[in-house]
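Subject: Structure for your review

Dear colleague,

Please find the structure below, together with its sequence.

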Amino acid sequence: MVELKEFERIDYLFRENRKIIQSKRFFSFSLDAVLLADFVNLPQKRQFKYLDFCSGNGIIPIILSAKTTNPLEGIELQSELVEMARRSIEINQLENQITIHEGDLNEFPHGNADYDFITCNPPYFLLENSKEIHRLTSHHLARHEVSLTMDQWLFKASKLLKDKGRLYIVHRPERLDDLMEGLLQHGFSVKRIKFAYPKVGALANIVLIEAIYRGGRRGVRIEPPLIVHQENGEYTPEMKAIYFGE
């Protein structure tokens with residue numbers, strides 16, 4: 001029996017029939033992570049190696065465990081989140097499938113480029129003022145480029161992926177120019193882009209990207225938009241399918 005700590009709760013992932021521990025003290029998973037996991041295409045019949053960057057409480061590997069029986073890995077810097085992710089893995093009896101590494105992604109060994117798939121829900125925001133570093137909380141570390149910059153995680157992905165390996169990213173549309181420039185600089189070609197909108201008529205606030213390492217530039221596919229909420233505030237049918245499997 002896994003015990004909860006102060007401020008912790010267990011949330012339920014309905015479509016995947018999984019449980020996950022969350023805490024008020026740390027950055028909880030958001031729609032971004034759920035959409036990224038849904039955006040990922042994994043093979044059904046062949047073996048592959050997979051790694052999740054900035055894994056947090058393990059939400060993306062836990063969701064993907066319902067799509068595949070292949071081993072899944074994640075890496076997370078904050079030890080408290082690693083421990084929380086490992087307890088969630090235990091609750092779901094996924095110890096033989098999911099491994100969460102604790103450490104700085106910049107120091108993760110990349111002697112062999114042997115991963116087929118990498119997902120990344122990175123810090124989105126630049127730290128505008130260096131004085132802010134002294135006031136950073138766990139939430140800020142998850143959202144600001146303090147310990148990990150865009151260039152650093154793109155570089156690491158280029159070193160860990162096989163040729164034609166896939167990198168799946170969720171980010172903010174306002175950083176799309178930086179993302180495109182960085183992907184090309186590190187040897188990636190963009191294959192798919194999907195935008196998510198909070199409601200009809202609103203600006204996109206999420207962008208999902210599938211990029212191929214050394215895959216050749218053969219054109220970009222812009223997928224149909226995803227609308228999160230209906231006019232009455234309820235989830236759209238597409239979002240209900242993603243969250244609840246309806």
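The notes below describe what was found in this structure, which is a predicted model.

Nonpolar cores

The largest nonpolar core comprises 38 residues, and those with the most contacts inside it are Leu35, Ile59, Ile60, Leu64 and Met239. Two or more residues of this core are given by each of α1 (31–39), α2 (59–64), α3 (79–91), β5 (98–102), β7 (161–171), β9 and α7 (237–244). Helix α1 provides the largest share, seven residues. Leu64 is in contact with Ala37, Val40, Leu42, Tyr50 and Leu72, leaving aside its neighbours within four places in sequence. There is also a second, separate core of 27 residues, which includes Trp153, Leu154, Leu183 and Val207. As general background, nonpolar side chains tend to be buried together in soluble globular proteins.

Helix α3 has 13 residues and reaches 19 Å from its first C-alpha to its last, close to the 18 Å expected at 1.5 Å a residue.

Just after α3, Gln93 takes a positive phi of about 55°. Gln93 lies in the loop between α3 and β5, and it counts as exposed because its relative accessibility is 68%, the cut-off for exposed being over 50%. The C-alpha atoms of Gln93 and Arg18 are separated by 9.9 Å, although these residues are 75 apart along the chain.

Helix α6

Which side of α6 (residues 176–185) is buried? The buried residues of this helix are Leu176, Leu179, Gly182 and Leu183. They cover an arc of only 130° around the axis, and therefore lie on the same side of α6. Asp177 and Gln185, on the other side of α6, are exposed. The cover over the buried residues of α6 includes α5 (150–160), β7, β8 (188–197) and β9. Leu183, one of these buried residues, is also included in the second core. Just after the helix, Gly187 takes a positive phi of about 90°.

Glu210 in strand β9

Glu210 is found in strand β9 (residues 206–213). Is Glu210 buried or exposed? Its relative accessibility is 2%, so Glu210 counts as buried. The side chain of Glu210 makes a polar contact with the side chain of Arg192 at 2.6 Å. Leaving aside neighbours within four places in sequence, the residues in contact with Glu210 are Phe39, Asn41, Arg166, Leu167, Tyr168, Ser189, Val190, Lys191 and Arg192.

Cysteines

The structure holds zero disulfides. Cys54 is in no disulfide, and the nearest cysteine sulfur to its own is that of Cys120, 4.5 Å away. Cys120 is likewise in no disulfide, with the sulfur of Cys54 as its nearest cysteine sulfur. Cys54 counts as partly exposed because its relative accessibility is 24%, whereas Cys120, at 0%, counts as buried.

Yours sincerely

Conventions. Residues numbered from 1 in each chain as written. Predicted model: local features only at pLDDT ≥ 70, side-chain atom pairs only at ≥ 80, totals over all residues. Heavy atoms only, no water. Helix = DSSP H or I, 4+ residues; strand = E, 2+ residues; numbered from the N terminus. Buried < 20%, exposed > 50% of the residue type's maximum accessible area, 1.4 Å probe, protein only. Polar contact = N/O pair within 3.5 Å; in protein donor to acceptor, adjacent residues only side chain to side chain. Contact = heavy atoms within 4.5 Å. Core = buried A, V, L, I, M, F, W, Y, C linked by side-chain atoms within 4.5 Å. Disulfide = S-S within 2.5 Å. Arc of directions from axis to C-beta. Expected span 1.5 Å × (residues − 1).
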